[in-house]
Amino acid sequence: MSRLPPAFTSLYRLALRSTSASVLHHTIARKNLCKLWRPAFDAAAQVVRELQSYQLSQMERTRRERLLNIFQLRVDATLTLLLNSANSRGIPHQVVRNLNLLRKRHVDWVQGGYYSQLSKNAWKPQLSPTAPEYSSRSLIPESHRAAVIQARRRENKQVDERCWKALGEVVRMAEGRHNMSLGRVRLKPWAMEKS
């Protein structure tokens with residue numbers, strides 16, 4: 001694998017340092033925001049690597065260069081937002097602070113809503129194979145009350161998903177209007193934690 005150009009790696013390091021300064025070097029907030037902007041830099045690094053290969057046609061090469069120019073313009077605007085956030089405690093600082101909180105809440109929501117169901121059904125080596133936890137349960141609720149509770153949970157989950165999708169649209173509109181990058185949420189595949 002070829003190395004990335006020094007200009008690109010220094011741009012990434014500058015984004016990391018300005019992210020840290022914008023949240024007053026608060027460790028958890030810095031990590032949350034770095035995880036927000038990492039997918040955008042990974043995608044741009046993939047484009048840079050494709051440009052370094054000589055297997056692209058001229059049309060593909062100009063398309064990739066255009067994408068890279070748009071990325072650099074967006075990163076410049078994002079760095080300006082981070083600089084303003086580090087220098088003042090006004091609206092830019094509140095935007096960065098809220099991005100941090102949104103990312104944290106989104107991860108908590110995904111882990112609580114989806115991954116928690118997986119951990120309930122996980123194998124527990126300390127239990128015997130005939131333990132009641134491993135018995136198959138009926139998917140049909142036993143009573144009317146259980147059916148109502150199950151329907152309410154399903155409805156709440158759908159409302160949550162619609163809210164997060166709407167919030168994602170608002171973020172994308174803000175990015176398009178101000179030509180900047182506010183990050184992307186990328187979650188790792190679920191793995192059982194050791195207890």
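Reader: Which residues does Leu-33 touch, leaving out those up to four places away in sequence?
Author: This is a predicted model. In it, Leu-33 touches Thr-19, Val-23, Val-96, Leu-99 and Asn-100.

Reader: And the largest nonpolar core? Which residues touch the most other members?
Author: Leu-33 is one of them, with Phe-8, Phe-41, Leu-68 and Phe-71. The core has 26 residues.

Reader: Which elements give two or more residues to this core?
Author: Helix H1 (6-22), H2, helix H3 (58-87) and helix H4 (91-120) do.

Reader: Where does the largest share come from?
Author: From H2, which gives 11 residues.

Reader: Switching to Trp-37. Which helix is that in?
Author: Trp-37 sits in helix H2, residues 27-52.

Reader: Buried or exposed?
Author: Trp-37 has a relative accessible area of 6%. Buried means under 20%, so Trp-37 counts as buried.

Reader: What does Trp-37 touch, again skipping residues up to four places away in sequence?
Author: Thr-19, Thr-78, Leu-82 and Leu-99, plus Ser-181, Leu-182 and Gly-183. Thr-19 and Leu-99 are touched by Leu-33 as well.

Reader: How many residues lie between Trp-37 and Thr-78 in sequence terms, and what separates their C-alpha atoms?
Author: They are 41 residues apart along the chain. Their C-alpha atoms are separated by 9.9 Å.

Reader: OK, the surface. Which residues make the nonpolar patch of about 270 Å²?
Author: Leu-167, Val-170 and Met-173 make that patch.

Reader: Take Met-173. Buried or exposed?
Author: Its relative accessible area is 56%. Exposed means over 50%, so Met-173 is exposed. Met-173 belongs to helix H5, residues 144-178.

Reader: What span should H5 have, and what does the model give?
Author: H5 has 35 residues, so at 1.5 Å a residue it should span 51 Å. The end C-alpha atoms are 51 Å apart, which agrees.

Reader: What comes just after H5?
Author: Asn-179, with a positive phi of about 55 degrees.

Reader: Zooming out. How many helices and strands are there?
Author: The protein has 5 helices and 0 strands. Along the sequence the pattern reads α-α-α-α-α.

Reader: What percentage of the residues count as buried?
Author: 26% of the 195 residues.

Reader: Last one. Among contacts between residues at least 6 apart in sequence, what share joins residues at least 24 apart?
Author: 70% of those contacts.

Note on methods:
Residues numbered from 1 in each chain as written. Predicted model: local features only at pLDDT ≥ 70, side-chain atom pairs only at ≥ 80, totals over all residues. Heavy atoms only, no water. Helix = DSSP H or I, 4+ residues; strand = E, 2+ residues; numbered from the N terminus. Buried < 20%, exposed > 50% of the residue type's maximum accessible area, 1.4 Å probe, protein only. Contact = heavy atoms within 4.5 Å. Patch = residues over 30% accessible without salt bridge, like charges linked within 9 Å, V, L, I, M, F, W, Y side chains within 5 Å. Areas by Shrake-Rupley, 256 points an atom, 1.4 Å probe, with all protein chains shown as cover. Salt bridge = Lys/Arg side-chain N within 4 Å of Asp/Glu carboxyl O. Expected span 1.5 Å × (residues − 1). Core = buried A, V, L, I, M, F, W, Y, C linked by side-chain atoms within 4.5 Å.
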